[in-house]
Amino acid sequence: MFFVNEAHRNNYESLLKFYANSLPSIEYEVACYVLALPEVLKRIPEDHNVKYPFDWVHHWEDENDESTKRLSDAIFYMDDPYKYLVFAGMHMYNGEIFRLNNGLDTWNDTHFQVFVQACKIRGKL
């Protein structure tokens, strides 16, 4: 399995333990893999609701009104390669729309390897 560094591996193992009640689930496994990236994990607010892995990405003015859904500051100000890895992870987790060309335009070889590994997890390969 590809990890960018030892911190990524350790974060992944910790997140798998944190979400153990939701496992086995390939959706949760891929979410844990993407969120475990040190550059992503450090941006997740410590006070966010951790019930679902990607809850921190959006901010809602009114939870009953889809038109009030906005990107949170945590994701809005994240560097583009990581932002698009998060969006790819969200797509693999819950089917949220993701434009692959946005990622491909910003990813270097390491980011692309992370994306491929996430696809392998999601595809059970």
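Contact here means heavy atoms within 4.5 Å. With that in hand, take the protein chain as a whole: among contacts between residues at least 6 apart in sequence, 54% join residues at least 24 apart.

A word on the ground rules. This is a predicted model, in which local features need pLDDT of at least 70 and side-chain atom pairs count only at pLDDT 80 or more, while totals for chains, interfaces and linings use all residues. Residues are numbered from 1 along each chain as its sequence is written, and side-chain values use heavy atoms, with hydrogens and water left out.

**The overall layout**

The protein chain has 7 helices and 2 strands. Both kinds of element are DSSP runs numbered from the N terminus (helices: H or I, at least four residues; strands: E, at least two). Of the 125 residues in the protein chain, 41% count as buried. Buried means under 20% relative accessible area, exposed means over 50%, and partly exposed is in between (1.4 Å probe, protein chains only).

**Helix 1, with one side turned inward**

Helix 1 covers residues 6-18, and its end C-alpha atoms are 18 Å apart, which agrees with the 18 Å its 13 residues should span at 1.5 Å a residue. The expected span is 1.5 Å times one less than the number of residues in the helix. Which residues of helix 1 are buried? They are H8, N11, Y12 and L15. These four cover an arc of only 105° around the axis, so they sit on the same side of helix 1. That arc is taken from the directions from the helix axis to the C-beta atoms. The buried residues of helix 1 pack against helix 2 (26-35), helix 3 (38-41) and helix 7 (109-122).

**Helix 5, wrapped up by the rest**

Helix 5 runs through residues 80-94; its 15 residues reach 21 Å from first C-alpha to last, close to the 21 Å expected. Why call helix 5 largely enclosed by the rest of the structure? Because 12 of its 15 residues are buried. Among them are P81, Y82, L85, V86 and G89. K83 is found in helix 5 too, and K83 counts as buried because its relative accessibility is 11%. Leaving aside neighbours within four places in sequence, K83 is in contact with I75, F76 and M78.

H91 also lies in helix 5, but H91 counts as partly exposed, at 37% relative accessibility. With neighbours within four places set aside, H91 is in contact with E96, I97 and F98. The C-alpha atoms of H91 and E27 are separated by 9.5 Å, although these residues are 64 residues apart along the chain. Just after helix 5, G95 takes a positive phi of about 80°.

**The nonpolar core**

In soluble globular proteins, nonpolar side chains tend to be buried together. A nonpolar core is a set of buried Ala, Val, Leu, Ile, Met, Phe, Trp, Tyr and Cys residues joined through side-chain atoms within 4.5 Å. The largest one here has 36 residues, and those with the most contacts inside it are Y33, V40, F54, W56, V57 and V86. Helix 1, helix 2, helix 4 (73-76), helix 5 and helix 7 each supply at least two residues of this core. The largest share, 9 residues, comes from helix 5. Not counting residues up to four places away in sequence, V86 touches V34, V40, F54, W56, V57, I75 and M78.

**Rings in pairs**

Rings of Phe, Tyr and Trp (its six-membered ring) pair if their centres lie within 6.5 Å; planes under 30 degrees apart count as stacked, over 60 as edge-to-face and the rest as tilted. By this rule the count comes to 12 aromatic pairs. Here are two of the pairs.

| Pair | Type | Centre to centre | Between the planes |
|---|---|---|---|
| F18 and Y19 | edge-to-face | 4.9 Å | 90° |
| F112 and F115 | tilted | 6.3 Å | 35° |

Y19 is buried, with a relative accessible area of 6%. F112 and F115 both lie in helix 7, 3 residues apart, or about one turn of the helix. F112 is partly exposed at 36%, whereas F115 counts as buried at 13%. Ring pairs also link F18, Y19, Y28, F54 and Y93 into a cluster.
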